[in-house]
Amino acid sequence: MPGMFFSANPKELKGTAHSLLDDKMQKRRPKTFGMDMKAYLRSMIPHLESGMKSSKTKDILSAAEVMQWSLSLEKLLANQTGQKVFGSFLKSEFSEENIEFWLACEDYKKTESDLLPCKAEEIYKVFVHSDAAKQINIDFRTRESTAKKIKAPTPTCFDEAQKVIYTLMEKDSYPRFLKSDIYLNLLNGLQANSLK
């Protein structure tokens, strides 16, 4: 959910055409980023002391569930809330294109065959093309191989590039995520709530 954590000033938006692709160009985050992130993470913690129960119990995390995220990137990405929290972390590091591409590939694999060409072209233009606004960090050979594969798209034509990005996240971003304030504050908050 792009923009989920940011409050926009309506005066700033007048007369501008804002799109998701513009986000890559914006290198500064609003001052409210930290406060908005804290509010989001707090909303994930059950409010036991007030006796309030969420209508969507799926949205409430347990400390055990969040601790599972530290076992592997695979476990983290298998959880929708984990994807969102990791995505927020990547956004704070200006590398959100990695998880966006990985999620786009996962969605692409479930696409009906008659829609594959259109969707493949869009993913290629947004993430893989050398002039892409959200260009992912893959080597030239993988980029060229992917370009050839989308000419006759199959559900697996992005697999090679997706694996490169997964490995990059696993070796680089994921270890930093586990040490980040975003993850540790969420885990500590959930553990403190479970003791009450």
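Q: Why is F158 called buried?
A: The model is predicted, so local features need pLDDT of at least 70, side-chain atom pairs count only at pLDDT 80 or more, and totals for chains, interfaces and linings use all residues. Residues are numbered from 1 along each chain as its sequence is written, and side-chain values use heavy atoms, with hydrogens and water left out. Buried means under 20% relative accessible area, exposed over 50%, partly exposed in between (1.4 Å probe, protein chains only). F158 has 1%, so F158 is buried.

Q: What makes F101 buried or exposed?
A: Its relative accessible area is 0%, so F101 is buried.

Q: Why is the pair of F101 and F158 called edge-to-face?
A: The structure holds eight aromatic pairs. Rings of Phe, Tyr and Trp (its six-membered ring) pair if their centres lie within 6.5 Å; planes under 30 degrees apart count as stacked, over 60 as edge-to-face and the rest as tilted. For F101 and F158 the centres are 6.3 Å apart and the planes stand at 80°, so the pair is edge-to-face.

Q: Which parts does the pair of F101 and F158 tie together?
A: F101 sits in helix α6 (residues 97–109); F158 sits in the loop between α8 (140–149) and α9 (159–179), so the pair links parts 57 residues apart in sequence. Helices (H or I, at least four residues) are DSSP runs, numbered from the N terminus.

Q: Why is N98 called buried?
A: N98 is also found in helix α6. Its relative accessible area is 5%, so N98 is buried.

Conventions:
Helices (H or I, at least four residues) and strands (E, at least two) are DSSP runs, numbered from the N terminus.
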